[in-house]
Amino acid sequence: MTDKKTTIVDATDQAAGNGLMSRRFFMNSALATTATLVTGQSALAQEGVGVGQEDWTLYPGDDTPEYGDVSQFEKGRVKKLVAPPAGGRTASSAGRTPLHMLHGTITPSGLHFEVSHHGVPAVDPDKHKVVIHGMVDRPLKWGVEDLENYSTVTRNYFMECSGNTRVNWAVPKPDQNFMYMTHGLVSGSEWTGVPLSTLLDEAGVSKGAKWIIAEGGDSGSLSRSIPIDKAMDDSMVALYQNGERIRPSQGYPMRILNPGFEGNTSVKWVRSLYVTDKPVMSRFETSKYTDKLHDGKSLQFSLEMDCKSVITRPTNAVELKKKGMYEITGLAWSGKGKITRVEVSADGGRTWADALVEGPVHSKMLTRFRIPWMWKGRPAVLQSRATDEHGQVQPSRKALLAARGKQAYYHYHAIHSWSVNARGKIRHVYA
Amino acid sequence: MRGGKSVMYMRKTFILACVLGFSQAAPAQEQKFGEKATQADIDKRFWSVFPDGENLPAGQGTAVAGAELFEDNCHACHTNPPGESSEFDPEDAADVLFGGHGTIGTDNALATIGSYWPHPTTVFNYVRRAMPYTAPMSLTNSEYYAITAYLLYKNEIIAENDVINKDTLPKVEMPNRDAFLNAYPEIPEKYRTK
């Protein structure tokens, strides 16, 4: 694998300033890697009685557990939990995904971010039902086993709390808590469930219905108003996440999933869906999850998540120990659809190069991008800029603050910057 | 040779099922597994009350009665100031409920019921379903009306002896009621990035 660093790169492979190379480089390095693996295997053959072997080679391992866990050496790769203030208590339970430690696009279920405003309820699936009522021909109810009978859909979707990256609005000094505080409230999963439209059609939605009021079975009966066009489009009642029943913190035994919408609308432990012609104006769509603007106005029902990206490696969780060829990689996503382009800059946005966008690209799902970078030991500012299929381009921080001010709190989606100094130390900066 | 016959029979059945399957696929068969929901099924799960007063229950209260209930049930959490550490997200602390008037739109915005919430019914809707934090739904509707009245009184929106019930609550005018702009499906042009 170390062949990557010794691969000869032609000077004409330069794609943008400060060492960004053409993504074509990956095609060459893939061939080199294959060659290394083939020749490397013969070196593994051993003769003799195993002197110098590690214990795990010399002794049989443990029996397989009923439910697999990560390596004992990976126990540090966990969510960051919200710390309560000294002497105080939190009014919600939140855990942030360690994006800087992960790869690919699927977040392990146990590391999926979570915000539970009234704790995680232990819902007994045999006692849980969801009702659809209000402006319908037939009020109906379903238990988990009832829902299991339907044709299901399985799709990859990101979920993002609209408070993700909120520290970058107004906190004067760029947050250095790795990526937990800045981007730990977005994750990606494969979700399986019944299209909400199937259940609404069965109940028979009346003419004039415009909203669905979803309520959860947690101790705050969390509720949100969902536009009916969304509910009839791609919303689902999800039962499975990454192939297994969704976990308690994600809404066991059933949750609403509104792809591309702010996470809070995907009501967990859902038990009531009231079809009506007006929004309920719940706490979480008035007092919270509304975006305060510089002129005293606020945006309400800013439901779709914006086109956004962030570099997940390298970040301030690592340092560059020597000059050479590195891979810059990260994630891009848009609540409107598919990511079509990600550009990367190594000089703070003066010049940009197209990164490789790794397929298959799913609509409203995390998309991985990569680009090779030759670090020559000089200071750099690394940035990524995403574009989606609707032409939405991720803005600079300056442009976003100019449009909305610093108090919006929610829906921060500007370009994120990592500075690298001459010693290879990396910091989050505003640039 | 019974086993052999059985296999043959199963194969034939399987092929027949496939053929039937195709022919049935043409007129789409609706899947219907929902059971009729009774009013009791709905009432147990539906707690929403609306700005126009829909679904507000009977009962009533004033800020005088609400003051004592607030002291006993709410005060312990709703006095904590938010922490300073960047690891702590003020989003997750108990809300500051009073004050902040005139701060929205400044760099020191303090969003309270009085300075920010656009609808009076949201107070009753939220407090009844979710509070007290450790014992939600543990009070009577009249007690929840009284706490709602106290929160509105402390924010200088109603008088101490004003009676709050299903008829009066929707008529209360919140100071920040005109500040909210609909952003679905598109946010207003003015606030988009250039």
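Visitor: Which strand of chain A do two bridges join to β1(B)?

Guide: In this predicted model, the two strands run antiparallel and are joined by two bridges. Within this pairing, L140(A) stands opposite K36(B), which belongs to β1(B). The partner strand from chain A covers residues 140–142 and is β7.

Visitor: Which residue of β4(B) is the bridge partner of Q300(A)?

Guide: The pairing to consider is that of β17(A), residues 298–300, with β4(B), and the two strands are parallel. In β4(B), the residue that partners Q300(A) is N182(B).

Visitor: How many residues does each chain bring to the contact, and about how much area do chain B and chain A bury between them?

Guide: Chain A contributes 80 residues to the contact, and chain B contributes 67 residues. Carbon and sulfur atoms carry 53% of the area that the two chains bury between them. That buried area comes to about 6500 Å².

Visitor: How many salt bridges does the rule find across the interface of chain B and chain A?

Guide: One salt bridge is formed by the side chains of R283(A) and D95(B), at 3.0 Å from N to O. Polar contacts between chain B and chain A are counted as 35 residue pairs, with both residues at pLDDT 80 or more. For salt bridges across this interface, the number found is eight.

Visitor: Which element gives the most residues to the side of chain B that touches chain A?

Guide: The count of polar contacts between the two chains is 35 residue pairs. On the side of chain B that touches chain A, at least two residues each come from β1 (35–36), α2 (39–45), α4 (121–130) and β4 (180–182) of chain B. With five residues, the element that gives the most is α4(B). By residue class, the side of chain B that touches chain A divides into 33 nonpolar, 14 polar and 20 charged.

Visitor: Why is helix α7 of chain A largely enclosed by the rest of the structure?

Guide: The buried residues of α7(A) are L196(A), S197(A), L199(A), L200(A), E202(A) and A203(A). Just after α7(A), G204(A) takes a positive phi of about 80°. The helix, residues 196–203, is largely enclosed because its buried residues number six of the eight.

Visitor: To which strands do bridges join β9(A)?

Guide: Nine of the 10 residues of β9(A), residues 186–195, are buried, so this strand is largely enclosed by the rest of the structure. Eight bridges join β9(A) to an antiparallel strand of residues 153–160, where M159(A) is the bridge partner of S187(A). Five bridges join β9(A) to an antiparallel strand of residues 236–241, and P195(A) has M236(A) as its bridge partner there. The two strands are β8(A) and β12(A).

Visitor: Is T387(A) buried or exposed?

Guide: T387(A) lies in strand β24 of chain A, residues 380–388. Leaving aside neighbours within four places in sequence, T387(A) is in contact with residues including C307(A), I339(A), R341(A) and V393(A). Its relative accessibility is 13%, and because the cut-off is under 20%, T387(A) counts as buried.

Technical notes. Residues are numbered from 1 along each chain as its sequence is written. Chains are lettered from A and ligands numbered from 1 in the order in which they are written. This is a predicted model: local features need pLDDT of at least 70, side-chain atom pairs count only at pLDDT 80 or more; totals for chains, interfaces and linings use all residues. Side-chain values use heavy atoms; hydrogens and water are left out. Contact means heavy atoms within 4.5 Å. Buried area is the accessible area (1.4 Å probe) that two parts lose on being put together, summed over both. A salt bridge is a side-chain nitrogen of Lys or Arg within 4 Å of a carboxyl oxygen of Asp or Glu. A polar contact is a pair of N or O atoms within 3.5 Å; within protein, one must be able to donate a hydrogen and the other to accept it, and residues adjacent in sequence count only if both atoms are side-chain atoms. Helices (H or I, at least four residues) and strands (E, at least two) are DSSP runs, numbered from the N terminus. Ala, Val, Leu, Ile, Met, Phe, Trp, Tyr, Cys and Pro count as nonpolar, Asp, Glu, Lys and Arg as charged, and the others, Gly among them, as polar. Two strands pair if DSSP finds at least two bridges between them. Buried means under 20% relative accessible area, exposed over 50%, partly exposed in between (1.4 Å probe, protein chains only).
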